[in-house]
Amino acid sequence: MKLIMLGAPGAGKGTQAEILSAKLGIPTISTGNILRAAIKEGTSVGLQAKSYMDAGKLVPDSVIIGIVAERLEKPDCAKGFILDGVPRTLPQAEALDKAGIVFDHVVSIEISDSEIEERMGGRRVCSACGAPFHVKSKPPKQEGVCDACGGALIQRDDDKVETVRNRLKVYHQETEPLKGYYEKKGVLVPVDNQPTIEATTKVIMEALGI
């Protein structure tokens, strides 16, 4: 099964993609993870991407599409994959179409901006191993300390309130139109965000007929 996960930043796309990946036995292709790896390595592309991400702006299509196309050529994508974080704009969607990349379903997680602000503002990540936490929904056993490796937990710049609001503005302007694009293709699957991760997963699986 070939899927795209859509939704505002912080809607839970990555979490749900990983759950579906495990259930379906197909890889999740997260552009965010790919870009952050490049940033950590300090590559020229990574540094360029960081300047956009820190400002809550979209990374240029030339960077995104190239990374994704190379990743989808790997053997583990032969039986399917889940794209998380791309496409983010209509030109990206059109570029994927031109590349001959076909999707079975496009899952759109629906959630309000106010919920997003609360959710993202509470996110923390381990500065050492990258493990994710949340002050409310997934707090560490010891405040400020990673359960996995003991590293210090930090708030990423793109999770701070000013940046979150800017990212939401960009989402509504640039990414939300994709819902109409894929609806016309007959592959859009809108799913309302639920109170828990498990409940949201259940609704998605039911919508996909899994």
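**Figure 1. Arg123 and Asp159 form a salt bridge in the predicted model.** The side chains of Arg123 and Asp159 meet with 2.9 Å between N and O. Arg123 belongs to strand β5 (residues 123-126), while Asp159 sits in the loop between β7 (153-154) and α7 (161-175), so the pair ties together parts that are 36 residues apart in sequence. The two partners fall into separate accessibility classes: Arg123 is partly exposed, at 25% relative accessibility, whereas Asp159 is buried, at 3%. Buried here means under 20% relative accessible area. Side chains of opposite charge can pair when their charged atoms come close.

**Figure 2. Lys50 and Asp54 pair within helix α3.** The closest N and O atoms of this salt bridge are 2.5 Å apart. Helix α3 covers residues 44-54, and within this helix Asp54 and Lys50 are four residues apart, which means that about one helical turn separates them. Asp54 is partly exposed, with a relative accessible area of 30%. Lys50 is also partly exposed, and its relative accessibility is 32%.

**Figure 3. Glu110, Glu176 and Lys179 are joined in a salt-bridge network.** One of the links runs between Glu176 and Lys179, where the closest N and O atoms are 3.5 Å apart. Glu176 has a relative accessible area of 28% and is partly exposed. Lys179, in contrast, is buried, with a relative accessible area of 16%. Glu110 is the remaining member of the network.

**Figure 4. Seven residues can be inspected around the largest cavity.** The structure holds one cavity of 30 Å³ or more. The space in the largest cavity is about 40 Å³. Its lining consists of Thr31, Leu35, Leu58, Val59, Ile64, Arg88 and Gln92. Sorted by class, the lining has four nonpolar residues, two polar residues and one charged residue.

Technical notes. Residues numbered from 1 in each chain as written. Predicted model: local features only at pLDDT ≥ 70, side-chain atom pairs only at ≥ 80, totals over all residues. Heavy atoms only, no water. 1 Å grid on protein atoms, 1.4 Å probe; cavity = no way out; pocket = protein on both sides within 12 Å on 5 of 7 lines; lining within 4 Å. Points joined across faces, edges and corners; volume = space filled by probe spheres on them. Nonpolar A, V, L, I, M, F, W, Y, C, P; charged D, E, K, R; others polar. Salt bridge = Lys/Arg side-chain N within 4 Å of Asp/Glu carboxyl O. Helix = DSSP H or I, 4+ residues; strand = E, 2+ residues; numbered from the N terminus. Buried < 20%, exposed > 50% of the residue type's maximum accessible area, 1.4 Å probe, protein only.
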